[in-house]
Amino acid sequence: MTDDARPVVEIAGATKVFGTGPTAVTALESIDLAIRAGEFVSLIGPSGCGKSTLLRLIGDLTPATAGSVRVNGKPADEARRGREYGIVFQAPVLFEWRTVDRNVELPLEISGHPRAERRARALEMLNLVELGDFARAYPWQLSGGMQQRVAIARALATDPELLLMDEPFGALDEMTRERMNNEVMAIWRRTKTTVVFVTHSIPEAVFLSTRVVVMSARPGRITKVIDVDLPQPRTFETREHPRYFDLVTAVREALRQRETDGSLVEGGRGGDVAARIRAEGYT
Amino acid sequence: MTPAAVRPLGASTRVVRRSASRPGLSPRARALAVTGVVATFFVLWEVLKWLAGDPWRIHGSLLGVRVDYEHLPPFALSIAGDLALPHVWSIVGAFFEPAQRYGPPVWEVLIGASLYTFREAFVGFVLGAVLGLALGIVFVRVRLLERAFVPYVVASQTIPLITIAPIVVIYLGASWTSVAMIAAYLTFFPVTVAALRGLRAADPRAFELLRSAAASETQVFWKLRLPASVPYLFSALRISASASVVGAIIGELPSGIPDGLGGQILQDVQYYITGPERLWATLVAAALLGILFVGLVRVAETVLTTGRYRPANA
C-alpha cells in the first residue's frame with residue numbers, strides 16, 4: 001500500500017481467443033488493468049469470465065492473442081524468465097516424492113542457489129506459514145490446508161515482487177479458508193508483496209483486497225473496479241465492520257448487474273467457455 | 001481434506017500406486033496366505049492324480065503288520081499320469097538325488113545353474129532397462145522419433161525370440177554375454193512403454209509451476225518427469241525381471257551353454273522318459289529364480305520410494 005505508484009502489472013488491450021474459426025471462443029476482450037506495487041488485487045467473476053486466464057496471461061503461462069501484458073516494466077515472458085513472480089494454484093501441486101522442505105526449496109534449486117542457503121530460506125518460509133515443525137514430513141502427511149500453506153511458502157521462497165494466486169483456497173472448507181485468509185493478510189503485511197488473487201468468493205475478495213476487479217463472461221471483460229477502503233491491518237474484526245458489509249454488497253451488485261443485462265440471452269454458453277479454458281490449461 | 005487438495009501429483013498413477021504399496025497384511029498373514037496357496041495347489045495336484053493318475057500298490061509290512069493296498073483310480077487321463085505329472089513328493093525327492101552317479105545332489109547343481117543364468121539375466125536386465133529408458137526419454141523428447149520408431153519397437157517384440165537367439169549367438173559367439181543380449185532384447189520393451197507413459201504422467205500444473213520458475217528442459221526432466229515416472233518404471237521393471245530370466249534360458253538353448261538352467265532343461269528333456277521329475281525340479285528352480293529376481297526389484301523400489309506414499313493401512 002505504498003504511494004510510489006510504480007506499476008508492477010500493466011495490461012493494455014489484452015485479448016485472448018481460444019481456438020480458431022467458427023469454434024473460436026473469446027475468453028478475454030480488450031482488458032486494461034494496472035496494478036501498483038504493494039497492492040492486493042482480487043479478480044472475481046462467474047465461471048468462464050476469464051479471471052484465471054487473465055492471471056495466466058500475467059504469469060506468461062499462456063500468451064495473449066492481442067494486446068500487451070507487462071510485468072515490472074518488461075514483457076510478461078521476460079519477467080517469467082527473470083523469475084519475478086511466484087504462483088499458487090487451486091491445488092497445492094506438491095511433489096509427492098519430496099519432503100515439505102525440499103518442495104519449498106524447489107524454485108531455489110532451479111535458480112541455482114547453494115544448498116545451505118536453500119535450506120535456511122525454506123525453513124524461514126515454512127516458519128512464516130507456521131509449518132516449521134513439518135519440514136521433514138511428506139506431503140501426504142499434511143491436511144489440505146497445510147499443503148496449500150506449503151505451496152504458498154514455495155511461491156514466496158524466491159522472494160518475488162509479485163505473487164499470483166489462482167483460487168488458492170477454493171478447495172478448502174469455509175473455516176480453514178477464513179483462517180488461511182488471515183494468514184495471507186499477515187504474510188502480505190510482512191513481505192510487502194504485490195498480490196493478484198483469483199477467487200469466486202465475494203467475502204474473501206473484500207476481506208483481502210485493496211481493490212476488487214469484477215469481471216463478466218462471454219466475452220470476459222472487466223465490468224467494475226471497486227476500491228476497498230477498509231482499514232489495515234485486516235483482522236477478525238474487519239469482517240464485522242459495517243463498511244465491510246457495504247463493500248460485499250457493492251461487489252455482489254456489480255456481479256449481478258451483468259447477469260441481468262443481456263448475458264442471459266446466450267445462457268448456457270458459460271459452461272462451454274469454462275470447459276475450453278480448463279482444457280487449454282491442461283495441455 | 002478435500003479430494004482436490006490431496007490429489008497425488010502423478011495424475012493417473014492410482015492403479016500403479018496400488019501395486020506399489022503393498023496391501024495392509026502383516027508379514028505373518030502374508031506368509032500364511034502364500035503357504036496356503038501352495039498347499040492347496042499341491043493337494044489339488046494329488047487329488048487329480050488320485051482320481052485319474054496311474055494305479056499304484058503298496059505291498060510290504062509296517063511295524064510287523066502286513067500292508068497290501070492297491071489304488072485303482074476311477075478315471076484315466078494321460079496328463080495325470082506319472083510321466084506327465086509326477087507326484088509332488090517325487091519332484092521334492094528329485095532335488096536330493098545325486099545329479100550324476102557319485103556326484104553332488106540335484107539341488108546343488110540347480111543352484112549353480114540358477115546363479116549362472118541369473119548373471120546372464122541380470123546383465124541383460126540392466127542393459128535392457130538402460131536401453132528401454134533411453135528410448136523412452138528420446139521418444140518423449142522428440143515426438144517425431146516416437147512416431148517413426150515406436151511401431152518398430154512394437155514389431156521387435158512380435159518376432160519370436162527363438163529366431164533371434166541363434167542370430168545373436170552367431171554374431172557374438174556362444175558366450176554368456178550373447179545370452180545377456182538376448183535377455184536384454186526381452187527386457188527393454190516394457191521399460192520403454194512405461195517410460196513413454198510415466199515421463200508424461202505428472203500433473204500438468206506441475207509443468208506450469210516449473211515454467212513459472214523458468215526451469216530448463218533438463219531441470220524439468222530431472223526434477224519432475226523422471227521422479228513422476230518412478231512408479232511406472234518399477235511396474236515395468238518387475239515384468240522385465242521375470243522376462244529377463246525367460247530370455248536368458250531361451251538364449252542358452254541355441255548357444256549350447258551347458259552351465260545354466262537352459263542347458264539343464266535340455267539335459268532333463270533328454271532323460272525325461274526315465275526321470276520326468278528332474279525337469280520339474282529344474283522348472284521349480286527357474287520359477288524360484290524369477291520370483292527372487294522380482295522380489296529384488298521390489299526391495300529396490302521400496303528403498304527408493306520410502307515415505308513417498310501413504311501406507312495402505314494408515
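At roughly what angle do the axes of helix 7 of chain B and helix 10 of chain B cross, and within what distance do they come? In this predicted model, the axes of helix 7 (residues 161–172) and helix 10 (residues 217–255) of chain B come within 9 Å and cross at roughly 55°. That angle makes helix 7 of chain B oblique to helix 10 of chain B.

**Helix 7 against helix 10 in chain B**

- The crossing of helix 7 of chain B with helix 10 of chain B is right-handed, and its contact residues comprise eight nonpolar, three polar and no charged.
- From helix 7 of chain B, the residues taking part are Leu161(B), Ile162(B), Ala165(B), Pro166(B) and Val169(B), and they meet Gly247(B), Ile250(B), Gly251(B), Leu253(B), Pro254(B) and Ser255(B) of helix 10 of chain B.

**Helix 8 against helix 10 in chain B**

- Helix 8 (residues 176–198) of chain B also packs with helix 10 of chain B, their axes coming within 7 Å and crossing at roughly 160°.
- Because angles over 145 degrees count as roughly antiparallel, helix 8 of chain B and helix 10 of chain B are roughly antiparallel to each other.
- This crossing, in which helix 8 of chain B passes helix 10 of chain B, is right-handed, and the residues of the contact divide into 20 nonpolar, 10 polar and two charged.

**Helix 9 of chain B**

- Within helix 9 (residues 204–212) of chain B, the buried residues include Arg205(B) and Glu208(B), along with Ala206(B), Leu209(B), Leu210(B) and Ser212(B).
- These buried residues of helix 9 of chain B pack against helix 10 of chain B and, in chain A, against helix 2 and strand 6.
- Ala214(B), which lies just after helix 9 of chain B, takes a positive phi of about 55°.

**The contact between the chains**

- Chain A brings 27 residues to the contact and chain B brings 26 residues.
- On the side of chain A that touches chain B, at least two residues each come from helix 2 (76–81), strand 6 (85–88), helix 3 (100–110) and helix 5 (144–156) of chain A.
- The residues on that side of chain A divide into 18 nonpolar, five polar and four charged.

**Chain A as a whole**

- Chain A has nine helices and 10 strands, and 46% of its 283 residues count as buried.
- Of the contacts in chain A between residues at least 6 apart in sequence, 71% join residues at least 24 apart.

**Strands of chain A**

- An open sheet of four strands in chain A has the order 2-1-4-5 with antiparallel pairing, and its edge strands, strand 2 (25–36) and strand 5 (74–75) of chain A, each pair on one side only.
- Strand 4 (residues 66–71) of chain A runs antiparallel to strand 5 of chain A and is joined to it by two bridges, with Val71(A) having Lys74(A) of strand 5 of chain A as its bridge partner.
- In a regular strand the side chains alternate between the two faces of the sheet. In strand 6 of chain A, Tyr85(A) and Ile87(A) point one way while Gly86(A) and Val88(A) point the other way, and all are buried.
- Strand 6 of chain A pairs in the parallel sense with strand 7 (residues 162–166) of chain A over four bridges, and Gly86(A) stands opposite Leu163(A) of strand 7 of chain A.

Notes: Residues are numbered from 1 along each chain as its sequence is written. Chains are lettered from A and ligands numbered from 1 in the order in which they are written. This is a predicted model: local features need pLDDT of at least 70, side-chain atom pairs count only at pLDDT 80 or more; totals for chains, interfaces and linings use all residues. Axes are lines fitted to C-alpha atoms, for helices over the stretch in contact, and angles run from 0 to 180 degrees between N-to-C directions. Angles under 35 degrees count as roughly parallel, over 145 as roughly antiparallel, 65 to 115 as roughly perpendicular and the rest as oblique. A crossing is left-handed if the near helix is turned anticlockwise from the far one by less than a right angle, and right-handed if clockwise. Two residues are in contact if their C-beta atoms, placed from the backbone, lie within 7 Å. Ala, Val, Leu, Ile, Met, Phe, Trp, Tyr, Cys and Pro count as nonpolar, Asp, Glu, Lys and Arg as charged, and the others, Gly among them, as polar. Two strands pair if DSSP finds at least two bridges between them. A residue is buried if 20 or more other C-beta atoms lie within 10 Å of its own, exposed if 12 or fewer, and partly exposed in between; C-beta atoms are placed from the backbone.
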